[in-house]
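This briefing is meant for a reader who is meeting the structure for the first time. Please look over the sequence and the model below before going on to the notes, which are grouped by topic.

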Amino acid sequence: MSIVCQAMHAVSGLFARAKRSEEVVNAFLQNERPWMYRLAISITQRSDLAEDVVQETLIRCWRSTKKLTTVDDLKAWCRQVLVRRAITALKAQDSSELPDIEVPTQADQQVSVRLVLESLPTESRAILALSYFEGLSYQEISDTLGIPAGTVASRLNTARERFRDAWEAK
Amino acid sequence: MKDPLEQFYERFHDAEVPARLVQIDVPMLEKRRTVREVSVWMTAFVLAWVCTSAPTWTDVSVQPSFAWTSVLSRQLEPMASLESEAGK
């Protein structure tokens, strides 16, 4: 009898832990939406794309609740999913389509920067956003994109050079 | 002069988050998405089953179990024979 009670207690404990974990993840996803949206829009530079990317990321993260144990894991995981989704969404876009201006632009310079960024490869834009907007280290960018840190450094330099060349040529 | 890239990315820190995104109920959305995905897979499975098994329906040995017309004709057969007898 006591074995049955212990087993029932263990099962109810598991359910309670799973429920608590769901609550933690749900609260996290609720609180982190502004950050997720801002990162998504800094990469895509389109609010409609950014919204789609965040929505897909929320669902994916929610489905992965069981795999994640700490909030640190969750944030890194969310960033990884979000950036990859954003890159995929950008690649799926027609390159000839000029995106809408969604960010408040108070000067022509902002529009020019955006247009120059549009001319860069998608991965370069993602690396620039992760470095400039998120302020991530090479190692963090490496973890997010799943590429070696050395590659991150070289790609970031290439992206900066490309941007500078395009910026000076305009 | 400040780096144009730094200036550009600074703006996103104040980007307003759409209300629709804030209001999303993630567990509910995920449930709905799962139902949709399951129904799509089910439909695809049923369609695949119909497409692969349809040719066998013309087989005489299989046909009666599928064809409602054969059941109906069996029901009507005695009535037809009665009518023909009445005609005589």
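In chain B, 5% of the 88 residues count as buried, while in chain A buried residues make up 32% of 170. Everything described here refers to a predicted model.

- When contacts in chain A between residues at least 6 apart in sequence are considered, 68% of them join residues that are at least 24 apart.

**The two domains of chain A**

- The domain assignment divides chain A into domain 1, covering 1-98, and domain 2, covering 104-170.
- Where these domains touch, twelve residues come from domain 1 of chain A and twelve residues from domain 2 of chain A.
- On the domain 1 side of this contact, helix 2 (33-44) and helix 4 (71-92) of chain A are the elements that give two or more residues, and helix 4 of chain A has the largest share, with eight residues.
- By class, the residues on that side of domain 1 of chain A comprise seven nonpolar, three polar and two charged.

- In soluble globular proteins, nonpolar side chains tend to be buried together.
- Leu82(A), apart from its neighbours within four places in sequence, is in contact with Met36(A), Leu39(A), Ala40(A), Val53(A) and Thr57(A).
- Arg85(A) lies in helix 4 of chain A, and this residue counts as buried because 21 other C-beta atoms lie within 10 Å, where 20 or more are needed.
- Once its neighbours within four places in sequence are left aside, Arg85(A) is in contact with Val53(A), Glu56(A) and Thr57(A).
- The C-alpha atom of Arg85(A) is separated by 12 Å from that of Ile41(A), a residue that is 44 residues apart from Arg85(A) along the chain.

**Helix packing around helix 8 of chain A**

- Helix 6 (residues 122-133) of chain A packs with helix 8 (residues 149-169) of chain A at an angle of about 100 degrees, the axes being 9 Å apart, and these two helices are therefore roughly perpendicular to each other.
- In this contact, helix 6 of chain A provides Glu123(A), Ser124(A), Ile127(A), Leu128(A) and Ser131(A), while helix 8 of chain A provides Val152(A), Arg155(A), Leu156(A), Thr158(A), Ala159(A) and Arg162(A).
- The residues of the contact between helix 6 and helix 8 of chain A include five nonpolar, three polar and three charged.
- Helix 7 (residues 138-145) of chain A also packs with helix 8 of chain A, at an angle of about 105 degrees and with the axes 8 Å apart, and this pair is therefore roughly perpendicular as well.
- Here Tyr138(A), Gln139(A), Ile141(A) and Ser142(A) of helix 7 of chain A meet Ala149(A), Val152(A) and Ala153(A) of helix 8 of chain A, a contact with five nonpolar, two polar and no charged residues.

**The contact between chain A and chain B**

- The contact between the chains takes 27 residues from chain A and 20 residues from chain B.
- On the chain B side, helix 1 (4-10), helix 2 (19-23) and helix 3 (26-53) of chain B each supply at least two residues, and the residues of this side divide by class into 14 nonpolar, one polar and five charged.
- The axes of helix 3 (residues 47-63) of chain A and helix 3 of chain B come within 9 Å and cross at roughly 90 degrees, which makes these helices roughly perpendicular.
- Between these two helices, Leu58(A), Ile59(A), Trp62(A) and Arg63(A) of helix 3 of chain A meet Val26(B), Pro27(B), Leu29(B), Glu30(B) and Arg33(B) of helix 3 of chain B.
- The contact of helix 3 of chain A with helix 3 of chain B contains six nonpolar, no polar and three charged residues.

Conventions: Residues numbered from 1 in each chain as written. Chains lettered and ligands numbered in written order. Predicted model: local features only at pLDDT ≥ 70, side-chain atom pairs only at ≥ 80, totals over all residues. Contact = placed C-beta atoms within 7 Å. Helix = DSSP H or I, 4+ residues; strand = E, 2+ residues; numbered from the N terminus. Nonpolar A, V, L, I, M, F, W, Y, C, P; charged D, E, K, R; others polar. Axes fitted to C-alpha atoms, helices over the stretch in contact; angles between N-to-C directions. Parallel < 35°, antiparallel > 145°, perpendicular 65-115°, else oblique. Domains from an automatic or database assignment. Buried ≥ 20, exposed ≤ 12 C-beta atoms within 10 Å, placed from the backbone.
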